[in-house]
Amino acid sequence: MRLILHVWRQRGAKAPGKMTRYEAADVNPDMSMLELLDVLNEGLILKGEEPIAFEHDCREGICGSCGFMINGIAHGPLPATTVCQLSMRHFKDGQELHLEPWRAKAFPVIKDLVVDRGAFDRIIAAAGYISVPTGSAPDGNTILVNKENADRAMDAAACIGCGACVAACPNASAALFTGAKIAHLGLLPQGQPERSRRALSMVRQWNAEGFGSCTNIGECAAVCPKEIALEAIARMNRDFISASWERR
Amino acid sequence: MLLDARVPLGPIEKLWDQARFEMKLVNPANKRKHTILVVGSGLAGASAAATLGELGYNVKCFCFQDSPRRAHSIAAQGGINAAKNYHGDGDSVFRLFYDTVKGGDFRSREANVYRLAQISVNIIDQCVAQGVPFAREYGGTLANRSFGGAQVSRTFYARGQTGQQLLLGAYQALERQVHEGRVSMFPRTEMLDLVVIDGRARGIVTRNLVTGQIESHAGDAVVLGTGGYGNVYYLSTNAKGSNCTAIWRAYKRGALFANPCFTQIHPTCIPVSGDYQSKLTLMSESLRNDGRIWVPMKAGDKRAPRQIPETERDYYLERRYPSFGNLVPRDVASRNAKAVCDEGRGVGKTGLGVYLDFADCIQRLGVDVIRERYGNLFEMYQRITDEDPYQAPMRIYPAIHYTMGGLWVDYYLMSTIPGLFVIGEANFSDHGANRLGASALMQGLSDGYFILPYTVGDYIAKTKLETIDTGAAEFLSAEAGVAELTEKLLGIRGRQTVDAFHRQLGKIVWDYCGMSRTGAGLDEAIGEIHRLREQYWRDVKVPGSAEDLNQSLEKAGRVADFFELAELMCIDARHREESCGGHFREEHQTPDGEAQRNDEDFSYAAAWEYKATERAPDLHPVLHKEPLTFEYVHPSQRSYK
């Protein structure tokens with residue numbers, strides 16, 4: 001099959017960018033989106049042009065490195081799928097694809113489709129953990145965990161930190177990302193002692209990074225490759241409100 | 001050079017306690033005056049950096065990804081072993097130790113493996129306390145499953161994402177220390193050289209992958225947790241960025257490299273489908289619990305699988321290994337798949353595949369049970385291949401998955417360069433010639449949380465470390481060397497891309513130093529690698545500049561190192577005139593085609609010393625042997641018949 005790509009090219013953070021048109025002939029329908037870019041890049045290098053920079057690593061949908069907009073949808077049209085696992089058979093012969101980086105004030109573009117998501121690390125650093133120094137833990141079965149809660153915690157913990165939620169949100173909010181971590185740890189007995197502090201600190205950091213507020217639009221959950229549910233945001237709001245009340 | 005593993009004397013179950021008691025301690029008030037450089041942020045690196053930070057050291061942690069959370073440990077699916085014996089099914093520290101030594105085909109160091117089994121129980125406790133959402137029973141206790149053919153249920157898991165959850169636990173602990181100011185994190189930073197001053201590891205030289213800046217970092221100890229080298233094969237289940245550069249450059253600075261030919265080929269991966277293919281995807285080993293593996297009896301049988309009658313199918317594992325059947329260990333399953341494909345009986349377009357068929361178990365247990373057990377894996381398979389495994393059998397083929405070899409370390413995880421420590425998959429220590437399922441995660445966290453933080457302290461307390469700064473001549477010359485290499489790669493302006501070379505190199509290593517090896521083949525491979533490497537340095541085309549994000553340049557440096565490593569792998573495989581674990585030499589097999597170990601001559605870890613110089617670039621590496629003795633687990637021939 002044949003595809004027409006329009007790719008955002010930007011040399012560096014301060015340089016202006018623009019869409020550039022490429023034609024991909026002989027596309028194998030079994031290729032992933034990233035393999036299509038690999039092949040395109042090999043051609044560009046041999047022609048003496050700079051290849052398209054894009055982020056990727058595991059290529060099996062778990063590391064969270066990859067991600068860009070395809071025709072305006074974060075990670076493209078297939079639900080619950082990162083671009084590294086999106087195969088070309090889901091597109092039509094001759095289709096035009098517009099590839100753009102995540103757009104958000106808190107995710108500045110580094111080059112082409114690569115953005116800086118360091119803000120996510122800083123939100124986790126603010127309080128996205130349980131403070132337990134190595135060696136200080138009791139036996140694993142000392143504290144029993146209700147199975148339903150453990151399963152729900154796992155649902156939220158599945159977040160891969162790719163940033164699609166921010167890119168899809170008209171407010172560029174980090175609510176789903178932050179909420180997923182707050183829900184994960186808040187659902188477990190081990191996470192209770194720091195629950196209030198966690199919600200306050202993480203939300204404060206999210207604001208400081210320049211992400212927008214959440215207005216419950218739900219685009220984030222719709223594009224999330226790990227299908228993190230909006231419920232995570234509700235849990236975060238509850239923890240944040242009750243923590244704010246306690247500390248008033 | 002005498003290889004001293006520094007294993008304490010005494011009964012094996014007391015060794016680690018004793019070693020810890022004999023260690024010297026660093027005064028808590030002085031810890032912050034010591035800088036420790038941790039390279040890599042996977043399970044081993046992140047857990048080490050976090051724990052060293054908690055102890056009060058000044059830590060700098062480096063990773064090439066945009067965030068420490070993306071290290072390839074994240075992709076591990078199955079689980080993590082621990083000798084908790086929560087099920088009362090007869091597990092114990094000794095049994096886990098025994099299984100691991102035997103599974104490694106008697107090529108690992110007993111003392112290290114025993115300590116690993118002991119620490120396994122602490123790891124689970126630590127991870128539970130961090131909030132790792134392990135699977136639970138209805139009563140609220142931790143759930144277990146049996147895995148990789150083990151006869152006890154000792155594997156803890158978090159759905160099919162155990163590696164992800166353990167890594168996020170370590171990452172969060174690391175970020176906590178970043179917040180406290182005890183760890184400085186350097187993402188998008190690649191280590192390109194090790195700096196050795198007065199015979200001790202005192203720093204590293206890095207390249208900032210965004211700005212291209214070459215920087216030096218000085219410290220009192222350097223810790224490498226940079227993972228394995230499976231990407232030498234080009235196609236592998238590793239992440240695309242996984243590379244050998246950090247350990248390779250340390251090797252060239254004097255650290256010995258042990259058992260490079262011990263690599264693990266995983267039997268259940270999705271087969272290659274075309275030239276564009278960039279990586280291989282692993283399907284969990286658990287599928288072999290219910291799936292049956294077969295190929296057609298006749299070579300060249302191109303009928304659809306459902307049209308091949310039962311009597312014309314060869315369930316070769318069940319036939320050859322009646323007692324273990326489809327559950328034989330990874331190395332045996334992989335080798336047999338290769339053998340039937342070599343006979344022309346492979347399936348799929350390329351002929352490099354075998355069927356993994358669920359028809360029988362779907363009939364026996366019903367589709368719902370199978371969906372509950374393997375639903376997510378079936379979905380993943382269908383997503384990639386566009387074939388429905390509920391209707392037609394899966395096609396699978398082996399792929400490189402893990403490397404047991406790595407930098408040689410002693411009992412204290414220190415390499416032959418004092419002050420250079422190596423942890424996780426990057427070292428060679430615990431898995432011998434074959435790693436058992438669910439033990440990679442265990443080793444990474446054992447090294448990082450519970451061993452290294454003690455042993456680094458002991459080294460620092462016992463060593464007089466002069467104050468140094470990055471203006472020292474050794475740093476400046478290492479920086480110049482790195483800059484020169486970069487310029488050289490950019491200056492070749494040849495006609496082939498880095499990936500094109502890497503793909504050719506991978507094919508050589510896979511064909512000659514993969515699932516089965518011969519002396520003649522390895523000689524051939526060494527020659528081919530030489531020729532291709534020479535061509536690489538004449539004809540590679542690396543676009544762009546050194547001053548910004550240049551992914552081709554990053555790859556070019558890594559592939560240059562893979563070329564040299566590939567040769568060492570073949571040299572090691574060539575010298576080891578026996579078959580053991582993942583290393584199968586066709587000349588050394590039993591009359592019925594099984595691996596034939598030679599304990600008389602090869603019961604040692606082969607540690608190679610780099611000898612080449614600028615003037616004599618082809619000087620052969622020198623072999624040093626660490627003899628392995630087995631006092632507790634008596635070497636026997638592995639049999640799965």
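Which residue stands opposite B:Cys61 in strand 5 of chain B? B:Met185 does. This is a predicted model, where local features need pLDDT of at least 70, side-chain atom pairs count only at pLDDT 80 or more, and totals for chains, interfaces and linings use all residues. Residues are numbered from 1 along each chain as its sequence is written, and chains are lettered from A and ligands numbered from 1 in the order in which they are written.

**Parallel sheet**
- Five strands of chain B form an open sheet in the order 5-2-1-9-17, with parallel pairing. Strands (E, at least two residues) and helices (H or I, at least four) are DSSP runs, numbered from the N terminus. Pairing requires at least two DSSP bridges between two strands.
- Strand 5 (183–186) and strand 17 (420–422) of chain B each have a single partner strand, so one side of each is left without a neighbour in the sheet.
- Strand 2 (residues 58–62) of chain B pairs with strand 5 of chain B over four bridges.

**Antiparallel sheet**
- An open sheet of four strands in chain B has the order 16-10-18-19, with antiparallel pairing.
- Its edges are strand 16 (406–407) and strand 19 (622–627) of chain B.
- Strand 18 (residues 604–609) and strand 19 of chain B pair over six bridges. B:Ala605 stands opposite B:Glu626 in strand 19 of chain B.

**Contacts of B:Val223**
- Beyond its neighbours within four places in sequence, B:Val223 is in contact (C-beta atoms, placed from the backbone, within 7 Å) with residues including B:Ile36, B:Val38, B:Phe421 and B:Leu452.

Notes: Two residues are in contact if their C-beta atoms, placed from the backbone, lie within 7 Å.
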